[in-house]
Amino acid sequence: MRPSNGKAVILALALATVLTGAGSCEVSSTPGASAPSSSTPAGNGGATTGASKPPAGNPAGATAALEQLTVAANGSMAGYSREKFTHWIGQGGGCDTRDVVLKRDGKDVKADAECKILSGAWYSPYDDKNLTDPKALDIDHMVPLAAGWRSGASKWTDEQRKQFANDLTRPQLFAVSLQSNRSKGDQDPSTWKPPNKAYWCTYAQDWVTVKSFYKLTVTAAEKSALTDMLATCK
């Protein structure tokens, strides 16, 4: 028996619904199978002139991370040289890593066609100073290259050391006053802390963040100093 016109319409609509649903069916993603976010340190020659400041840490997280770091005596400086940490590499647009940090950390920064920084305004948190002369600034490695060498980087490849020296993702590079950077040298927090005590909390968090990411060791004295600095966080 052929269906009546009304039944035929209903059957047609039902069939269309089934076919539409089948055509739009999506396989759900497996949990954790999404593409990973980039966590590779900067320094691979990619264009990063739009780099943003590293995210602020959190005291509780830094304290927990500090407890996970391996405590060990400083390693030997035998074989060390800054040249083994290729730094200020090209970052695109004629800029090198140093230029990128100066642009990122400053305000109203002006540069010429070759990315030479001409002017701007910067705040040096280490010593609580405002600066307008690019020549009065240094780019500080939060964990100095030599300090990194003593705590594990001596065993790295040249490529790993280059990434460490040009890391724009972790809180490893900062524009600070030339005087504060030269005063710090390659010292860890057990022998040098920023003169600006109000910055100790942030400084300790950044130091721990970098050492944790690169799986570098800390000395007992360094850990004690970092613990005291983190205690200033409010």
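Buried means under 20% relative accessible area, exposed over 50%, and partly exposed in between, with a 1.4 Å probe and protein chains only. The model used in these exercises is predicted, so local features need pLDDT of at least 70 and side-chain atom pairs count only at pLDDT 80 or more, while totals for chains, interfaces and linings use all residues. Residues are numbered from 1 along each chain as its sequence is written, and side-chain values use heavy atoms, with hydrogens and water left out.

**Exercise 1. The strand β6**

Task: work out which residues of strand β6 are buried on each of its faces, and find the strand that pairs with β6.

Solution. 
Step 1. Locate the strand. Helices (H or I, at least four residues) and strands (E, at least two) are DSSP runs, numbered from the N terminus. The protein has eight helices and seven strands, and β6 covers residues 137–141.
Step 2. Take the faces in turn. On one side Leu137, Ile139 and His141 are buried, and on the other Asp138 and Asp140 are buried too, so that both faces are covered.
Step 3. Draw the conclusion. Five of the five residues are buried, so β6 is largely enclosed by the rest of the structure.
Step 4. Look for the partner. Two strands pair if DSSP finds at least two bridges between them. For β6 and strand β7 (residues 173–177) there are five bridges, in the antiparallel sense. Within this pairing, His141 stands opposite Leu173 in β7.

**Exercise 2. The helix α5**

Task: list the buried residues of helix α5 and name elements that cover them.

Solution. 
Step 1. Helix α5 spans residues 158–165, and its buried residues are Arg161, Gln163, Phe164 and Ala165.
Step 2. Cover is a matter of contact, which means heavy atoms within 4.5 Å. The cover over these residues includes β6, α4 (145–150), β7 and α7.
Step 3. Now widen the view to the protein. Buried residues make up 39% of its 234 residues. Among contacts between residues at least 6 apart in sequence, 73% join residues at least 24 apart.

**Exercise 3. The disulfides**

Task: find how many disulfides there are, then describe each one.

Solution. 
Step 1. Apply the cut-off: a disulfide is a pair of cysteine sulfur atoms within 2.5 Å. The count comes to two disulfides.
Step 2. Take Cys95 and Cys115, whose sulfur atoms are 1.9 Å apart. The torsion about their S-S bond is about 85°, so this disulfide is right-handed. Cys95 lies in strand β2 (residues 95–96) and Cys115 in the loop between β3 (107–111) and β4 (117–124), so the pair ties together parts that are 20 residues apart in sequence. Both Cys95 and Cys115 are buried.
Step 3. Take Cys201 and Cys233, joined with an S to S distance of 2.0 Å. Here the torsion is about 105°, so the disulfide is right-handed. The pair links distant parts of the chain, with Cys201 in helix α7 (residues 200–213) and Cys233 in the segment after α8 (220–230), 32 residues apart. Cys201 and Cys233 are both buried.
Step 4. Count the bonded cysteines along the chain, and the pattern reads 1-2, 3-4.

**Exercise 4. Positive phi**

Task: describe where Asp108 and Lys215 lie, and say whether each is buried or exposed.

Solution. 
Step 1. Recall the background: most residues other than glycine have a negative phi.
Step 2. Asp108 has a phi near 50°, a positive value in a residue other than glycine. Asp108 sits in strand β3 and is exposed, with a relative accessible area of 64%.
Step 3. Lys215 has a positive phi of about 55° and is not a glycine either. Lys215 is in the loop between α7 and α8 and is exposed, at a relative accessible area of 72%.

**Exercise 5. A distance across the chain**

Task: how far apart are Ala60 and Gln205 in sequence and in space?

Solution. 
Step 1. Compare the two separations. Ala60 and Gln205 are 145 residues apart in sequence and 9.3 Å apart in space, C-alpha to C-alpha.
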